[in-house]
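Please find below a colleague's note on the model, arranged as numbered points. The sequence and the structure are shown first, for reference.

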Amino acid sequence: MYNNIKTEINNRILYITINRATKLNALNKETLAELNALIKDFYNNPEAGVAIITGDGPKAFVAGADISEFASFSIEEGKQLAATGHSSVFDLIENSPKPIIAAVNGFALGGGLELAMACHFRVASINAKLGLPEVTLGLIPGYGGTQRLSQLVGKAKALELILTADMIGAEDALALGLVNYITSPDELIAKCEELAGKMLTKAPLALSAAIAAVNASTKNEKNGFEVEIDEFGKLFGTEDFKEGTQAFLEKRKANFTGR
Ligand code: COA
């Protein structure tokens, strides 16, 4: 169905594998368009409640945007490249009503780290290498990296990583809070599945509300406290709220339907 992405749904988890290993899974235009279609489908697909994004092969998660495609771009084309990327892929992932986990299995550079940072959280294998090397190309990160890295690790470390173009290893990324866990390469997907499994037992509309409220904390145009109050209130109108509270009172496990 897709030329650059492999997908599979198993136990309500959508597995997304960027599948251009010969180019270290670099994000070309077609891959971004496919990700757009796939994530939009995930929003509405009742078969899947959590997604895991990873890269094909042992070497790379995603080694960046495809440099060969934008090497001759003009100012206007450059601006368009970033704007389209933001709205059609990176913001779409961040605003997904269902959790998306990045399984960082190797190089996550430039647009690759930006992809991982757009996900709700990240698990890295011990061999992962993360960085935003755009200044080496005479550019800056253009898929949200200047904003999301600052939000995740603070302004000073974000500036250091962006201005030096340094790559860091998984342990440094863990210490910075850029990734939530590190695992051996073999255990990477299992760790993501463990986290996905926990979320899949929870009320889906509550997960969506939590994502919206936490995301609002990083948006200047929104008052996160107001978003939290609205989202909290809305959940009182859901069947899952009634089921969750009833199950607690009856000392049994809740059976959520997403309504
Ligand atoms: N865009 C386009 N092609 C890329 C790419 C990218 N971001 N990253 C890697 N590739 C391609 C290489 O051109 C090479 O293709 P080829 O075999 O047709 O020549 C292939 O992927 C393998 O990469 P290679 O550089 O040979 O592997 P390596 O192990 O020597 O180095 C990296 C790995 C990640 C250090 C190196 O590929 C790199 O620096 N990539 C660019 C990273 C970057 O600047 N990303 C930000 C982009 S905005």
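The points below take up the domains, the salt bridges, some loop residues and a surface patch.

1. Basis of the note. This is a predicted model, in which local features need pLDDT of at least 70 and side-chain atom pairs count only at pLDDT 80 or more, while totals for chains, interfaces and linings use all residues. Residues are numbered from 1 along each chain as its sequence is written, and side-chain values use heavy atoms, with hydrogens and water left out.

2. Domain division. The protein is split into domain 1 (5–200) and domain 2 (204–249), with bounds that come from an automatic or database domain assignment. Taken over C-alpha atoms, the centres of domain 1 and domain 2 are separated by 26 Å.

3. Domain interface. Contact (heavy atoms within 4.5 Å) is made between nine residues of domain 1 and six residues of domain 2. The area buried between domain 1 and domain 2 comes to about 610 Å², with 54% of it given by carbon and sulfur atoms; buried area here is the accessible area (1.4 Å probe) that two parts lose on being put together, summed over both. On the side of domain 1, the residues that lose the most area to domain 2 are Glu-94, Pro-97 and Gln-151, which together make up 54% of what that side buries.

4. Salt bridge across the interface. How many salt bridges does the rule find across the interface of domain 1 and domain 2? The rule finds one, a salt bridge being a side-chain nitrogen of Lys or Arg within 4 Å of a carboxyl oxygen of Asp or Glu. Glu-94 pairs in a salt bridge with Lys-219, and their closest N and O atoms are 2.8 Å apart. Side chains of opposite charge can pair when their charged atoms come close.

5. The linked network. Glu-94 and Lys-219 also belong to a network of salt bridges that links them with Asp-91 and Arg-148. Asp-91 is partly exposed, with a relative accessible area of 26%, whereas Arg-148 counts as buried at 6% relative accessibility. Buried means under 20% relative accessible area, exposed over 50%, and partly exposed in between (1.4 Å probe, protein chains only).

6. Other salt bridges. The whole structure holds 11 salt bridges by the search, including one in which the side chains of Glu-231 and Lys-234 meet at 3.5 Å, N to O. Both of these residues lie in helix H10 (residues 224–235), three residues apart, which is about one turn of the helix. Glu-231 counts as buried at 17% relative accessibility, while Lys-234 counts as exposed at 55%. Glu-250 forms a further salt bridge with Arg-252, their closest N and O atoms being 2.7 Å apart; Glu-250 is partly exposed at 43% relative accessible area, and Arg-252 is partly exposed at 35%.

7. Which loop holds Asn-11? Asn-11 has its place in the loop between strand E1 (5–10) and strand E2 (13–18), and Arg-12 lies in the loop between E1 and E2. Phi of Asn-11 is near 50°, a positive value in a residue other than glycine, and phi of Arg-12, likewise a residue other than glycine, is positive and near 65°. Asn-11 is exposed, with a relative accessible area of 66%, and Arg-12 is partly exposed, with 38%.

8. Val-135 lies in the loop between E8 and H5 and counts as partly exposed at 33% relative accessibility. Leaving aside neighbours within four places in sequence, Val-135 is in contact with Ile-162, Leu-163 and Ala-165. Val-135 and Ala-165 are 30 residues apart in sequence and 6.5 Å apart in space, C-alpha to C-alpha. Leu-137 is found in the loop between strand E8 (129–131) and helix H5 (145–153), and is partly exposed at 46% relative accessible area.

Definitions and conventions
Helices (H or I, at least four residues) and strands (E, at least two) are DSSP runs, numbered from the N terminus.
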